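Me: I would like to go through the strand pairing in this model and the grounds for each label. Please set each value against its criterion.

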Number of protein chains: 2
Amino acid sequence: MFWVSQEETVIDKNSVIPIYYQLFKLLEGQIRRGDLKPGESLPTENDIAMRYEISRMTVRRAISELVAAGMVYAQQGKGTFVATPKLDNIVFELNDFSQEVKKRGLNYKTTLLEAKIVRADETLKARFEIQGDDKRFLFFRTVLAAENERLSYEVKYTIYSKSKPILESELKDPSLPGLIAAHTEYVPMSSKKVLQVASCTQEEALILGIPPQAPVFLIEQTIYNSDLKPVGWSKAVYRGDRYKLTSYDGWYKKD
Amino acid sequence: MFWVSQEETVIDKNSVIPIYYQLFKLLEGQIRRGDLKPGESLPTENDIAMRYEISRMTVRRAISELVAAGMVYAQQGKGTFVATPKLDNIVFELNDFSQEVKKRGLNYKTTLLEAKIVRADETLKARFEIQGDDKRFLFFRTVLAAENERLSYEVKYTIYSKSKPILESELKDPSLPGLIAAHTEYVPMSSKKVLQVASCTQEEALILGIPPQAPVFLIEQTIYNSDLKPVGWSKAVYRGDRYKLTSYDGWYKKD
DNA sequence: TAGTGGTCTAGACCACGCG
DNA sequence: GCGTGGTCTAGACCACTAT
């Protein structure tokens with residue numbers, strides 16, 4: 001294969017931008033423009049290395065970025081091929097509903113309605129996979145409001161430790177993992193969240209100022225320590241008319 | 001730094017398992033066991049390379065896997081440190097509601113209620129960012145049922161091309177990207193989905209066999225081609241009492 | 001057997017953080 | 001200035017695919 005290329009193809013070895021990144025962008029552009037179409041094969045790693053007079057390892061680094069982006073796939077012994085965009089995934093992603101509100105630049109405020117120590121009832125014992133009756137739990141009820149409108153209501157439980165007192169300052173915006181790290185000897189390691197839709201209860205309707213039976217998001221969260229022991233549990237209700245989740249898929253361009 | 005280690009630490013250079021992967025697992029285990037705690041630094045890349053008599057590039061490959069897993073982070077000039085598990089993300093992920101049903105091993109079936117060619121009204125023209133009145137669209141209404149219970153109802157639109165006839169066989173389980181690829185000259189490249197909660201309409205209640213006003217998931221999807229031109233649109237309604245989304249976060253162990 | 005991607009090496013130089 | 005991680009090289013051998 002030989003080249004009479006007149007487009008002096010843009011790898012600047014003396015640039016501060018890493019070579020692998022320049023090459024990644026170059027190949028990405030060829031794929032997005034359609035110079036390389038789904039199913040077609042990229043030049044071999046050796047071809048690319050020789051073409052641009054760079055090391056094959058550097059070529060591999062660039063290609064591995066394309067693989068990570070889902071734009072190509074490699075097959076040992078065969079070659080590297082342009083992928084077909086996968087559009088059948090749904091990945092709803094957000095950093096926390098309250099951060100979402102923050103991002104929109106609204107005045108938001110978390111209000112602590114109640115904080116107390118409670119005994120274990122059967123439901124709690126089941127949720128925390130605990131047997132004895134001696135355990136006590138910290139219990140919180142909070143409301144999130146933005147622009148004087150109440151948006152969500154949350155109850156949280158975590159295991160109570162006498163030795164770790166609650167500081168007033170920490171009650172301002174208590175996230176569940178934060179509470180656990182501060183008031184128990186446990187280290188939060190993983191969490192499970194389940195999202196459902198529901199009609200809100202009478203109590204929730206009153207707190208959020210919406211009609212009874214109004215549709216709401218409901219997120220139940222369980223926090224685990226490194227032994228997969230549940231060390232925190234929360235249930236949050238979000239107004240259905242104020243929240244939505246957005247998902248982008250395929251070769252969506254971010255930059 | 002010197003070593004009197006008696007635990008002959010398990011890097012087998014002649015194994016079929018790549019060295020970088022062995023090292024990745026070794027370090028991952030040390031972190032999960034708590035030998036290395038959040039905030040602590042890993043040995044330097046050179047230390048690890050010398051300790052196990054392997055190349056520094058191989059060490060870097062192992063560490064980059066840890067970085068990708070969110071378990072460590074590297075800081076140029078300082079070192080590599082064990083991360084604190086981030087538990088404030090919510091990533092709801094599924095491969096498609098119908099695949100979800102499939103996974104549960106249920107008998108599921110997609111039924112085509114209606115398929116026709118429609119003219120562009122104002123709403124459609126807005127959704128497809130189109131101006132003239134000459135455009136026509138393919139319109140589909142489908143229902144998904146499992147174990148003889150109707151679970152979801154979906155309407156789909158895509159731009160109509162005379163030259164690409166609809167094959168009967170393709171109507172059995174028509175996914176929106178599939179329809180677009182088959183019946184238009186467009187290549188689906190990216191999609192945007194918005195998830196909301198709602199109370200179902202009278203029509204939806206009848207179709208799904210649930211009470212009017214019952215809470216439902218509502219997913220609106222727009223498919224784009226490489227020019228970010230909308231080439232498909234759908235709206236799906238899912239029974240709130242039959243669907244939920246689950247999210248795992250932190251150092252959740254998969255294997 | 002030839003060609004592909006996958007792993008690995010033993011160096012090198014650089015940018016950055018810190019004392 | 002020194003130690004750290006970040007990039008890059010010019011080879012090497014291997015596993016896999018195709019012919």
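Reply: Two strands count as paired if DSSP finds at least two bridges between them. The model is predicted, and the labels below are computed from it.

Me: What makes strand 6 and strand 9 of chain A a pair?

Reply: Strand 6 (residues 149–159) and strand 9 (residues 230–239) of chain A are joined by seven bridges in the antiparallel sense. The criterion asks for at least two bridges, so the two strands pair. Within this pairing, A:Ser152 stands opposite A:Tyr238 in strand 9 of chain A.

Me: How do you know that strand 7 of chain A pairs with strand 10 of chain B?

Reply: By the same test: six bridges link strand 7 of chain A to strand 10 of chain B, antiparallel. At least two are required, therefore they pair. A:Lys192 stands opposite B:Tyr248 in strand 10 of chain B.

Me: Why are strand 4 of chain A and strand 10 of chain B called edge strands?

Reply: The open sheet has seven strands in the order 4(A)-5(A)-6(A)-9(A)-8(A)-7(A)-10(B), with antiparallel pairing. Strand 4 (108–119) of chain A and strand 10 (245–250) of chain B each pair on one side only. From one strand to the next, the twist averages 15 degrees.

Me: What makes residues of chain A count as touching chain B, and how many do?

Reply: Contact requires C-beta atoms, placed from the backbone, within 7 Å. By that cut-off, 43 residues of chain A are in contact with 43 residues of chain B. Strand 7 of chain A gives the most to chain A's side, with ten residues. By class, that side has 21 nonpolar, 14 polar and eight charged residues.

Definitions and conventions
Residues numbered from 1 in each chain as written. Chains lettered and ligands numbered in written order. Predicted model: local features only at pLDDT ≥ 70, side-chain atom pairs only at ≥ 80, totals over all residues. Helix = DSSP H or I, 4+ residues; strand = E, 2+ residues; numbered from the N terminus. Axes fitted to C-alpha atoms, helices over the stretch in contact; angles between N-to-C directions. Contact = placed C-beta atoms within 7 Å. Nonpolar A, V, L, I, M, F, W, Y, C, P; charged D, E, K, R; others polar.
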